[in-house]
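Please examine the sequence and the structure shown here.

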Amino acid sequence: GKATRAEAVWLTLAFTCVGDELRSGNRKGSDVMSIIGMRKTAELLVDREPMDWLLYNKIVGFLRNERPGGDGKYTGAIELAEACLLGNTRGSCALALLFLSDGKPSDE
């Protein structure tokens, strides 16, 4: 069958953001990634883990374990993302921040 939107997100993160980047040599183990889940509360799913094949497999594993559901609260996710960015001790690394959602924010 067709991939769901959630599956498409996990596959894109694994295949494109990690796998393709590792194969091309653009990323190495000294580069890190964090992933924050947005639900009723923000949850740090991956905390500054090295960009390697272990991370790739972990993200693919989210296909089975992480399911969308409930409201997507942006405020907590933004605050957690800020904490992750401020906790970065590697001044020379590139930073990127992506928010993936299937609807408008549920924050009030």
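The points that follow are grouped by topic.

The structure is a predicted model. Its largest nonpolar core has 16 residues, and a search of the whole structure finds three salt bridges. A nonpolar patch is also present on the surface.

**Nonpolar core**

- Within the largest nonpolar core, the residues with the most contacts are Trp10, Val18, Met33, Ile35, Leu55, Ile59 and Phe62.
- Helix H1, strand S1 (32–38), strand S2 (42–50) and helix H2 (53–65) each supply at least two residues of this core.
- The greatest contribution comes from H2, which gives six residues to the core.
- Leaving aside residues up to four places away in sequence, Ile59 touches Trp10, Leu13, Ala14, Val18, Met33 and Ile35.

- Arg23 forms a salt bridge with Asp20, and their closest N and O atoms are 3.1 Å apart.
- The two residues are separated by about one helical turn, because Arg23 and Asp20 are three residues apart in helix H1 (residues 5–24).
- Arg23 has 54% relative accessibility and therefore counts as exposed, since the class begins over 50%.
- Asp20 has 38% relative accessibility, so Asp20 counts as partly exposed.

**Other salt bridges**

- Arg48 and Asp47 are joined through their side chains by a salt bridge, with an N to O distance of 3.1 Å.
- Arg48 counts as partly exposed because its relative accessibility is 38%, and Asp47 counts as partly exposed because its value is 36%.
- A salt bridge also links the side chains of Lys58 and Glu49, with an N to O distance of 2.6 Å.
- Lys58, at 32% relative accessibility, counts as partly exposed.
- Glu49, at 23% relative accessibility, counts as partly exposed; a residue is classed as buried if its value is under 20%.

**Nonpolar surface patch**

- Ile78, Leu85, Leu95, Leu97 and Phe99 form a nonpolar patch on the surface.
- Together, these five residues have about 450 Å² of accessible area.
- One of them, Leu97, lies in the segment after helix H3 (74–86).
- Leu97 counts as partly exposed because its relative accessibility is 47%, a value between the limits of 20% for buried and 50% for exposed residues.

Note on methods. Residues are numbered from 1 along each chain as its sequence is written. This is a predicted model: local features need pLDDT of at least 70, side-chain atom pairs count only at pLDDT 80 or more; totals for chains, interfaces and linings use all residues. Side-chain values use heavy atoms; hydrogens and water are left out. Patches are made of residues with over 30% relative accessible area and no salt bridge: like charges are joined within 9 Å, nonpolar side chains (Val, Leu, Ile, Met, Phe, Trp, Tyr) within 5 Å. Accessible areas come from the Shrake-Rupley method with a 1.4 Å probe; for residues, only the protein chains shown count as cover. A salt bridge is a side-chain nitrogen of Lys or Arg within 4 Å of a carboxyl oxygen of Asp or Glu. Helices (H or I, at least four residues) and strands (E, at least two) are DSSP runs, numbered from the N terminus. Buried means under 20% relative accessible area, exposed over 50%, partly exposed in between (1.4 Å probe, protein chains only). A nonpolar core is a set of buried Ala, Val, Leu, Ile, Met, Phe, Trp, Tyr and Cys residues joined through side-chain atoms within 4.5 Å. Contact means heavy atoms within 4.5 Å.
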